[in-house]
Amino acid sequence: MATPAIKICGVTTADALDAAIEARAGYVGFNFFAPSPRYLPPRDAAALQERAQGRIARVGVFVDADDALIGEAVAAARLDILQLHGEETPERAARLRARFGLPVWKVVSVAVAEDVARAAGYREAADFILFDARTPKGTLPGGMGLAFDWSLLAGGKGPLPWGLAGGLTPGNVAEAVRATGAPLVDTSSGVESAPGVKDLAKIAAFCRAARGA
């Protein structure tokens with residue numbers, strides 16, 4: 001089994017960014033969704049992107065954001081990838097990909113098998129699908145430490161490259177990779193000591209565990 005790529009999401013500080021780089025993660029996520037405890041204002045992302053340049057790919061996380069916010073974040077953080085974590089339709093994803101000229105990752109929230117099947121609708125609109133756990137209505141769309149039944153992916157993941165998120169921690173990521181064959185794993189709350197506070201030792205442990213699966 002190939003070693004999965006690793007994304008550390010919700011990074012807001014230079015120390016956490018450096019920890020992700022030192023642990024050889026391939027991607028870092030900057031969260032531009034204001035209600036999140038991991039929110040990173042675009043002006044603050046500008047300083048982090050300078051530290052990240054040439055060392056790790058930068059993924060901007062958006063939830064039903066308008067073009068103005070996305071444009072501001074793209075310019076400030078010099079994003080490599082747009083991650084859409086809301087109810088964005090395939091049409092919306094395709095428009096954003098065309099407008100900003102960046103790859104689009106679409107999060108598909110999963111609770112039942114029919115949710116996984118929705119990934120096929122983004123065949124022509126996105127470049128990558130990230131399967132995450134569906135959160136309760138009225139709560140944040142992600143970063144809550146919830147996992148879904150990984151066996152739901154056994155029936156197929158659709159036509160696009162894909163990754164796994166949702167409740168992944170240093171303690172279960174190896175099992176998740178063995179169970180699903182995920183080519184990319186994504187964690188946020190799973191490497192925190194409190195909501196929005198990254199634990200540098202957990203970042204290192206997560207990356208070791210993912211590579212050792």
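Arg97 has a relative accessible area of 24% and is therefore partly exposed, where buried means under 20% relative accessible area, exposed over 50% and partly exposed in between, with a 1.4 Å probe and protein chains only. The model is predicted, so that local features need pLDDT of at least 70 and side-chain atom pairs count only at pLDDT 80 or more, whereas totals for chains, interfaces and linings use all residues. Residues are numbered from 1 along each chain as its sequence is written, and side-chain values use heavy atoms, with hydrogens and water left out.

The side chain of Arg97 meets that of Asp127 in a salt bridge of 3.1 Å, N to O, a salt bridge being a side-chain nitrogen of Lys or Arg within 4 Å of a carboxyl oxygen of Asp or Glu. Because Arg97 lies in helix 4 (residues 90-100) and Asp127 in the loop between helix 5 (113-117) and strand 6, this pair ties together parts that are 30 residues apart in sequence; helices (H or I, at least four residues) and strands (E, at least two) are DSSP runs, numbered from the N terminus. Asp127 is partly exposed, at a relative accessible area of 31%.

The structure holds twelve salt bridges. Another one of them joins Arg51 to Asp18, with the closest N and O atoms 2.8 Å apart; since Arg51 belongs to helix 2 and Asp18 to helix 1, the pair ties together parts that are 33 residues apart in sequence. Arg51 is partly exposed at 38% relative accessibility, whereas Asp18, at 12%, counts as buried. A network of salt bridges links Asp18, Arg51 and Arg55.

The axes of helix 1 (residues 14-22) and helix 2 (residues 42-52) come within 10 Å and cross at roughly 30 degrees, axes being lines fitted to C-alpha atoms, for helices over the stretch in contact, with angles that run from 0 to 180 degrees between N-to-C directions. Helix 1 and helix 2 are therefore roughly parallel to each other, a term for angles under 35 degrees. For helix 2 and helix 3 (residues 67-77), the axes come within 7 Å and cross at roughly 25 degrees, which makes helix 2 roughly parallel to helix 3.

Asp132, in strand 6 (residues 128-133), is buried yet has no salt bridge, and the nearest side chain of opposite charge, Lys7, is 8.3 Å away; Lys and Arg count as positive and Asp and Glu as negative, while His and the chain ends are not counted.

Terms used: Parallel < 35°, antiparallel > 145°, perpendicular 65-115°, else oblique.
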